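The sequence and structure come first.

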Amino acid sequence: MRRVRYCVFLTGLLLATPVLAASDWQTVQQEAKGQTVWFNAWGGDPAVNRYLDWVSDEMKTHYAITLNIVHLADAADAVKRIQTESRAGRTTKGSVDLLWVNGENFRTLKQANLLQSGWAQMLPNWRYVDTTKPVTEDFAIATDGAESPWGAAQLTFISRQTLLPEPLRDPSALLGYAKQHPGKVTYPRPPDFTGTAFLEQLLLNLTTTPDALKTAPDPHTFDAVTAPLWRYLDQLHPLLWREGKDFPPSPARMDALLASGNLNLSLTFNPAHARQKVVSGELPADSISFGFASGMIGNVHFVAIPANSSASAGAKVVANFLLSPPAQRRKADPKIWGDPSVLDPQKLPAEQAHALRQFIPVGLPAMLPEPHAAWVNALEQEWLRRYGTR
């Protein structure tokens with residue numbers, strides 16, 4: 001009975017749209033039945049993989065869609081495959097139907113016209129999306145309906161209440177803490193995503209020309225814009241874990257070092273991450289999350305449909321399901337994944353709003369927009385030139 005009610009509820013969500021839109025969507029759903037959708041997604045976290053397995057089961061049960069999850073170490077691998085297929089003239093029947101993507105990889109595909117556009121805001125569940133979040137741009141690049149949001153993220157520090165009674169309010173406080181606790185602070189080695197995000201955060205806080213970060217780096221001004229960042233890191237690195245001569249390869253390694261007492265801080269790009277890891281027993285019970293007082297950079301992660309998808313109707317149905325209140329609520333639950341929702345509770349029915357609100361992290365700093373996507377490679381290359389060979 002519970003499954004029947006759940007199915008009826010989902011059907012109601014999908015069909016409670018204007019008549020023409022409902023008619024068009026019904027056509028999409030009919031076309032999607034029986035399709036096999038190859039969803040390429042990052043597979044580096046067991047909780048994420050379990051959630052996607054659940055999505056796959058739901059698509060088969062309720063929509064007659066076979067959803068195959070391709071677990072990626074890096075979304076760039078799928079981007080290269082899509083590019084290779086395009087160069088080979090494979091304009092249909094591509095190997096990727098849906099891709100978890102954002103940032104630099106999205107920019108690469110969009111600029112090469114390798115994505116379908118104009119579909120995301122036509123999804124029935126778009127009406128629930130929190131449009132105060134950056135859901136129509138990705139690293140300062142307009143999405144033009146080529147990406148559908150399905151999760152929010154924000155750079156977040158993790159510590160233990162016993163090690164850090166008061167949050168660090170700014171980069172100066174972080175430097176002071178590192179001086180007081182030498183060897184207990186570090187960050188992931190760029191080009192790890194979180195490590196690069198840490199560089200962007202510091203640059204946003206330290207540069208005297210923050211507006212320069214809204215567009216691609218200018219070679220003529222790059223040195224001046226970034227000079228405060230390198231001065232800061234030159235002071236910070238000798239105080240870091242292993243004196244800044246080595247860096248953890250990932251946030252997961254930092255979590256392990258925090259749990260073992262070798263570090264006093266970890267980093268994540270998920271503000272609910274600490275709560276989830278406490279629930280799973282991977283972090284101590286007194287683990288806390290915090291950010292700088294002025295705000296922390298954040299973004300929305302998306303799914304996109306390649307232009308040569310062989311199952312674009314099925315991909316749209318999957319993307320719409322990922323935006324449904326039940327799927328978003330389940331994803332936000334730290335016992336399952338703990339990935340923040342992109343839905344606005346005020347747009348949901350009261351019961352659904354209440355269910356979702358219990359998983360919205362509280363006390364987060366303001367979300368600051370990330371720099372233009374082109375800054376990622378520019379900062380990584382300069383960091384590697386300065387510190388990568390030590």
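Leaving aside its neighbours within four places in sequence, which residues is Phe139 in contact with? They are Asn102, Gly103, Phe193, Glu200, Asn299, Glu370, Pro371, His372, Ala373 and Val376, where contact means heavy atoms within 4.5 Å.

The model is predicted: local features need pLDDT of at least 70, side-chain atom pairs count only at pLDDT 80 or more, and totals for chains, interfaces and linings use all residues. Residues are numbered from 1 along each chain as its sequence is written, and side-chain values use heavy atoms, with hydrogens and water left out.

Helices (H or I, at least four residues) and strands (E, at least two) are DSSP runs, numbered from the N terminus. Phe139 lies in the loop between β4 and β5. Asp130 is placed in the loop between α5 (104-111) and β4 (137-138), and Pro284 in the loop between α10 (273-279) and β9 (287-290).

The table gives the relative accessible area of each; buried means under 20%, exposed over 50% and partly exposed in between, with a 1.4 Å probe and protein chains only.

| Residue | Relative accessible area | Class |
|---|---|---|
| Asp130 | 10% | buried |
| Phe139 | 5% | buried |
| Pro284 | 18% | buried |

The side chain of Asp130 makes a polar contact with that of Lys133 at 3.1 Å. A polar contact is a pair of N or O atoms within 3.5 Å; within protein, one must be able to donate a hydrogen and the other to accept it, and residues adjacent in sequence count only if both atoms are side-chain atoms. Not counting residues up to four places away in sequence, Asp130 also touches Val135, Val342, Leu343 and Asp344.

With neighbours within four places in sequence left aside, Pro284 is in contact with Arg160, Ala259 and Val278. The C-alpha atoms of Pro284 and Ile65 are separated by 41 Å, and the two residues are 219 places apart along the chain. For Phe139 and Ala350, 211 residues apart along the chain, the C-alpha separation is 33 Å.

**Helix α5 and its partner α4**

The buried residues of α5 are Asn105, Phe106, Arg107 and Leu109. These pack against α4 (75-87), β3 (98-101), β4, β5 (141-142), β6 (147-154) and α14 (374-387). After α5 comes Asn113, with a positive phi near 55°.

The axes of α4 and α5 come within 10 Å and cross at roughly 10°. Axes are lines fitted to C-alpha atoms, for helices over the stretch in contact, and angles run from 0 to 180 degrees between N-to-C directions. α4 is therefore roughly parallel to α5; under 35 degrees counts as roughly parallel, over 145 as roughly antiparallel, 65 to 115 as roughly perpendicular and the rest as oblique. Ala75, Ala76, Val79, Ile82 and Gln83 of α4 meet Asn105, Thr108 and Leu109 of α5.

**Helices α7 and α8**

Helix α7 (residues 193-206) packs with helix α8 (residues 222-236) at an angle of about 115°, their axes 9 Å apart. This makes α7 roughly perpendicular to α8. On the α7 side, the contact is made by Leu199, Leu202, Leu203 and Leu206, which meet Val225, Thr226, Pro228, Leu229, Tyr232 and Leu233 in α8.
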